[in-house]
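Please walk me through this structure.

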Amino acid sequence: MQSLIQVSSLTKKYGSFTAVNELSFSVQKGDVYGFLGQNGAGKSTTIRMLMTLIEPTAGDIRIFDLPLSTHRKEILRQTGAVIEKPEVYPYLSAYDNLRLFARLSGVKLSRAQYMQQLEQVGLASRAHDKVKTFSQGMKQRLGIGIALVHNPQLIVLDEPTNGLDPQGIADIRNLLLWLSREQKKTILISSHLLSEIEQVATRVLIIDKGKKLVEGSAEELFDPSKTIVELQTNDTAAARERLIASNWAAHLRESTGNNIKLQMNRNDIPALNRDLVQWQIDVLSLQQQHSLEDYFLQVTAGKKHVDTFSN
């Protein structure tokens, strides 16, 4: 696949402090690329270097196969970005904000095209309302609409769901999925909401203290054959006794109170449930625990460094 972003040995130092340390990664055309890390890991610093808001100390950035250091204007003309909270004019309407930023970008659109842009981000019904009356989620969607006004190939979003309520988070998630699947946009998104990244990302990068820990697809990052399953039944002792005497014994891991944990291929979960029913053990809960969040906590706690998984 074609690489839209190629970062090689990117480093940013502030005096003796190294915010980003020889970071290398690539974003392929069509990716929804999740950029993960704890607070202070270097995510925002990296994104600001990609958007030429700060200069790197060392390293190379190529976007659209062009060096960022010498082709800034050409690259930014094909890129839309929302860095932290979008900067919009609260006393202007959503429509007027969009029109103003379009003109600043050198884009001329018709009224119908502006309304179509607002429709895409779910704001057509509030097009002529002042932005000061908008929720934070609506402002975020307007910010993304502004970032899309020049029809960029690449969209860069830094913590777009930060401070949003559950409905606002869901709205942004659905918008990202629509942009990726229907509009075929390439998206680089940083976030601390790992469950949200897991639902939208095709590839993931995890960094810690400015260094890459892991890069790969969400499926590659946690082996489905090692899924942790938590079981709750109406009779924990009987369930455990049955499991020990069966082929499931090799999958048992631990029991805490009324919970039994097993490690297995997630495709085998239905078979486990059928056996429990056959043994006349009532299943109260059979829940998969292994997720991107589990993996993230594992690698950041253990500082497990892996360059890449298979592409």
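Strands S3 and S9 run parallel and are joined by four bridges. Strands and helices here are DSSP runs, with at least two residues (E) for a strand and at least four (H or I) for a helix, numbered from the N terminus. Two strands count as paired if DSSP finds at least two bridges between them. Within this pair, glycine 34 has valine 204 in S9 as its bridge partner. S3 also pairs with strand S8 (residues 186-190), in the parallel sense and over four bridges. There, phenylalanine 35 has serine 190 in S8 as its bridge partner.

The model is predicted, so local features need pLDDT of at least 70 and side-chain atom pairs count only at pLDDT 80 or more, while totals for chains, interfaces and linings use all residues. Residues are numbered from 1 along each chain as its sequence is written, and side-chain values use heavy atoms, with hydrogens and water left out.

How covered is strand S3? S3 (residues 32-36) is mostly covered, with five of its five residues buried. Buried means under 20% relative accessible area, exposed means over 50%, and partly exposed lies in between (1.4 Å probe, protein chains only). Val32, Gly34 and Leu36 point one way from S3. Tyr33 and Phe35 point the other way, and all of these residues are buried.

Another sheet is open and has four strands. Its order is S2-S1-S4-S5, with antiparallel pairing. Strand S2 (17-28) and strand S5 (66-67) stand at the edges with a single partner strand each, so one side of each is left without a neighbour in the sheet. Strand S1 (residues 3-14) and strand S4 (residues 58-63) run antiparallel, joined by five bridges. Serine 8 stands opposite aspartate 60 in S4.

Next, helix H1. H1 (residues 43-50) is mostly covered, with six of its eight residues buried. The buried ones are Lys43, Thr45, Thr46, Ile47, Met49 and Leu50. Threonine 52 follows H1 and has a positive phi, near 60 degrees.

Now the charged pairs. Side chains of opposite charge can pair when their charged atoms come close. A salt bridge is counted when a side-chain nitrogen of Lys or Arg lies within 4 Å of a carboxyl oxygen of Asp or Glu. By this rule there are seven salt bridges. One of them joins arginine 141 and aspartate 171, with the closest N and O atoms 3.7 Å apart. Arginine 141 lies in helix H5 (residues 136-147) and aspartate 171 in helix H6 (residues 166-181), so the pair ties together parts that are 30 residues apart in sequence. Arginine 141 is buried, at 12% relative accessibility. Aspartate 171 is partly exposed, at 24%.

Glutamate 215 forms a salt bridge with arginine 203 (3.6 Å, N to O). This pair links distant parts of the chain, with glutamate 215 in strand S10 (residues 211-217) and arginine 203 in strand S9 (residues 203-208), 12 residues apart. Both residues are buried. Glutamate 215 also meets lysine 212 in a salt bridge (3.3 Å, N to O). Lysine 212 is buried, with a relative accessible area of 17%. Through shared partners, salt bridges join Asp31, Arg203, Lys212 and Glu215 into one network.

Back to helix H5, where glutamine 140 lies. Is glutamine 140 buried or exposed? Glutamine 140 is buried, with a relative accessible area of 3%. Leaving out residues up to four places away in sequence, glutamine 140 touches Val82, Glu84, Lys85, Pro86, Glu159, Pro160, Thr161, Leu164 and Ile172. Contact here means heavy atoms within 4.5 Å.

A pocket is an open set of points on a 1 Å grid over the protein atoms alone, where a 1.4 Å probe fits, with protein on both sides within 12 Å along at least five of seven lines; lining residues have an atom within 4 Å of a point. About 730 Å³ of space lies in the largest pocket, its volume being the space filled by probe spheres set on the points. Of its 25 lining residues, Thr79, Gly80, Ala81, Phe101 and Ile146 are the closest to the centre. Helix H2 (72-76), strand S6 (79-83), helix H3 (94-104) and H5 each give two or more residues to the lining. S6 gives the largest share, five residues.
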